[in-house]
Amino acid sequence: MGKILTFTGASGSGKSSIAKSLGFSLVLSTTTRAPRPSDLPGEYEYIDSKYFDSKSFDSVEARNDFLWIKEYGGNYYSTRYDSINLALSRPENFIMIIVPEVLPMLLDYAGKEKVLPFYIRSPDEAVLRSRLETRGELEDSIERRLKGSRDWDLQAEGSGIHYIFITNNGAIEEAVGQVRKYLRSVLNCEW
């Protein structure tokens, strides 16, 4: 049986770039936001925000369709049990890009032996600023994200979650190399 590799880290840390470079399938998540150019193929199913209005939200929770439902920035993000169960039943590895607060739910549901939680540390401020500028972020958003990235890193280090910490301060290939080296040593995984 394969594992679910999770990638967590602040905005601009390189989670999506690393995930894309590894070439594993993604666990399908659900969102009410519009697609973005940076979204990976197969990362999200996009649904209407009305799906999670107060009346249907209760019925969704009652049917237990989702392991989690989180609101962020006026949009909902969630992952269906079916998507996680599919990944857990397959022999290959899958990837999820998730926020820190849902990782404990996944670990409890899937079991710690089935999840490899990677945390991508924020790069130096100059590198992160450049990445965020390249993505087209506005200056006030960049400043907010720069401050937030250090907070995320400190919280991850003190969380008690046994993250596999990856540094992504240079070329993305270096960070991908760190992940691959870990997978080779622990899972004897080649691709």
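**Cavity, pocket, nonpolar cores and ring pairs**

The lining of the largest cavity comprises six nonpolar, one polar and one charged residues. The structure is a predicted model, in which local features need pLDDT of at least 70 and side-chain atom pairs count only at pLDDT 80 or more, whereas totals for chains, interfaces and linings use all residues. Residues are numbered from 1 along each chain as its sequence is written, and side-chain values use heavy atoms, with hydrogens and water left out.

**Cavity**

- One cavity of 30 Å³ or more is counted, and the largest cavity has a volume of about 50 Å³.
- A cavity is a set of points on a 1 Å grid over the protein atoms alone where a 1.4 Å probe fits but cannot get out; lining residues have an atom within 4 Å of a point.
- The residues that line the largest cavity are L26, V27, S29, E43, Y44, I95, M96 and I97.
- Strand 7, residues 94–97, gives the most to this lining, with three residues; strands are DSSP runs of E with at least two residues, and helices are runs of H or I with at least four, numbered from the N terminus.
- In the residue classes, Ala, Val, Leu, Ile, Met, Phe, Trp, Tyr, Cys and Pro count as nonpolar, Asp, Glu, Lys and Arg as charged, and the others, Gly among them, as polar.

**Pocket**

- The largest pocket holds about 1,600 Å³ of space, where a pocket is an open set of grid points with protein on both sides within 12 Å along at least five of seven lines.
- Its lining has 50 residues, of which S11, K15, R36, R135 and R145 lie nearest the centre of the pocket.
- By class, the lining of the largest pocket divides into 16 nonpolar, 20 polar and 14 charged residues.
- At least two lining residues come from each of helix 1 (15–22), strand 3 (29–31), strand 5 (66–72), strand 6 (75–80) and helix 6 (139–157).
- Helix 6 gives the most to the lining of the largest pocket, with seven residues.

**Nonpolar cores**

- The largest nonpolar core has 20 residues, of which I4, W68, I84 and L106 touch the most other members.
- Two or more residues of this core come from each of strand 5, helix 3 (81–89), strand 7, helix 4 (103–110) and strand 8 (115–121), and helix 4 provides the largest share, four residues.
- Another core, of 18 residues, lies apart from the largest one and includes F7, A19, L22 and I164.
- A nonpolar core is a set of buried Ala, Val, Leu, Ile, Met, Phe, Trp, Tyr and Cys residues joined through side-chain atoms within 4.5 Å.
- Beyond its neighbours within four places in sequence, I4 is in contact with V27, I84, A87, L88, F94, M96, L106, K114, V115 and L116; contact means heavy atoms within 4.5 Å.

**Aromatic pairs**

- The whole structure contains eight aromatic pairs, that is, Phe, Tyr or Trp (six-membered) rings with centres within 6.5 Å; planes under 30 degrees apart count as stacked, over 60 as edge-to-face and the rest as tilted.
- Y44 and Y46 form a tilted pair, 6.0 Å centre to centre with 50 degrees between the planes.
- Y44 is buried at a relative accessible area of 17%, whereas Y46 is partly exposed at 35%; buried means under 20%, exposed over 50% and partly exposed in between, with a 1.4 Å probe and protein chains only.
- The ring centres of Y119 and Y163 are 5.3 Å apart and their planes stand at 65 degrees, so this pair is edge-to-face.
- This pair links distant parts of the chain, with Y119 in strand 8 and Y163 in the loop between helix 6 and strand 9 (164–167), 44 residues apart.
- Y119 is buried, with a relative accessible area of 1%, and Y163 counts as buried at 9%.
- F7, F118 and Y182 are linked into a cluster by ring pairs.

Terms used: Grid points are joined across faces, edges and corners, and a volume is the space filled by probe spheres set on the points.
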